[in-house]
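User: I am new to reading structures like this one. Can you walk me through some features, one at a time?

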Amino acid sequence: MVASWHVVHNPVVQLLLCLPVFAVGCLHFGKSAFYSVKGGTPNMDVLIFIGSTSAFIYSLAGTIQNLGSQYLFYETCATIITLVLLGNVFEKRSVNQTTSAIKDLVKIQQVTANRMIDGAVEVIRANDVHAGDTLLVNHGDKVPVDGDILEGNAALDESMLTGESMPVEKAKYDKVIGGTIVQRGNFRMMATKVGSNTVLAQIIELMKKAQAAKPPVQKLGDKVASIFVPVVILIALVTFVATYF
């Protein structure tokens with residue numbers, strides 16, 4: 001892409017530019033390729049590792065023997081590694097966005113509760129609330145667990161559950177959900193669902209299961225890769241032997 005006299009056409013310059021990229025690629029894809037082969041199901045990283053390593057070694061041999069530009073494929077090696085790593089970055093970023101949503105929900109669970117015992121108020125963690133406990137929830141508080149209102153009324157922000165921004169009016173005998181926020185008023189409530197039984201805990205568990213499960217297209221991709229990789233390597237070997245002789 002640049003004039004033939006440009007410094008980037010110098011084999012040593014190309015080697016120096018490619019070397020750090022190749023080192024990173026070897027560490028990243030080499031480890032993944034090794035463990036996939038060891039496990040008996042070679043993945044696409046095997047092809048990436050073989051392709052980039054072949055290009056680098058071929059180019060290095062051409063540089064050492066001073067065979068000319070037709071033996072230099074440093075840019076092929078660097079491009080393969082860079083583009084695939086860039087794809088991995090985008091993939092990891094999308095996964096992190098999902099996990100951050102789970103983390104945000106977990107933070108909502110980490111609140112304190114005002115437990116009423118013999119007329120006195122005891123501040124405890126939401127995790128320490130038991131079913132049947134009487135709790136006092138004031139203006140600005142997050143409802144610590146699921147329960148029923150015993151006394152009082154309030155307007156609750158339930159957007160974390162429903163997406164609805166308008167506050168919902170709650171009165172005696174109404175159900176409240178843990179993690180919702182009291183925008184106005186206060187009330188006493190009886191805890192009915194605590195720990196892993198709350199609506200919020202079940203949402204978090206469902207999100208974790210959905211994230212851990214592989215969609216059908218990914219399972220198909222893994223099956224195809226387990227056949228595709230050995231076939232491509234075999235074709236490459238046949239091509240090498242045929243052209244060599």
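**Reading helix 1 and beyond**

Analyst: Just after helix 1, G40 has a positive phi of about 85°. Keep in mind that this is a predicted model.

User: What caps the N-terminal end of helix 1?

Analyst: Look for a side chain that reaches a backbone nitrogen. Here N10 is the cap: a side-chain oxygen of N10 lies 2.9 Å from the backbone nitrogen of V12.

User: Where does helix 1 bend?

Analyst: Compare the axis on either side of a residue. Helix 1 (11–38) bends by about 35° at C18. A proline, P20, follows within four residues.

User: Is V7 buried or exposed?

Analyst: Check relative accessibility against the cut-off. Exposed means over 50%. V7 has 52%, so V7 counts as exposed. V7 sits in the segment before helix 1. With M1, V2, V8 and L17, V7 makes a nonpolar surface patch of about 560 Å².

User: What does D133 contact, leaving aside its neighbours within four places in sequence?

Analyst: The contacts are R115, M189, M190 and A191. With R115, the side chain of D133 also makes a polar contact of 3.1 Å, side chain to side chain.

Key. Residues numbered from 1 in each chain as written. Predicted model: local features only at pLDDT ≥ 70, side-chain atom pairs only at ≥ 80, totals over all residues. Heavy atoms only, no water. Polar contact = N/O pair within 3.5 Å; in protein donor to acceptor, adjacent residues only side chain to side chain. Contact = heavy atoms within 4.5 Å. Patch = residues over 30% accessible without salt bridge, like charges linked within 9 Å, V, L, I, M, F, W, Y side chains within 5 Å. Areas by Shrake-Rupley, 256 points an atom, 1.4 Å probe, with all protein chains shown as cover. Salt bridge = Lys/Arg side-chain N within 4 Å of Asp/Glu carboxyl O. Helix = DSSP H or I, 4+ residues; strand = E, 2+ residues; numbered from the N terminus. Buried < 20%, exposed > 50% of the residue type's maximum accessible area, 1.4 Å probe, protein only. Bend = angle between axes of the 7 residues up to and from the residue.
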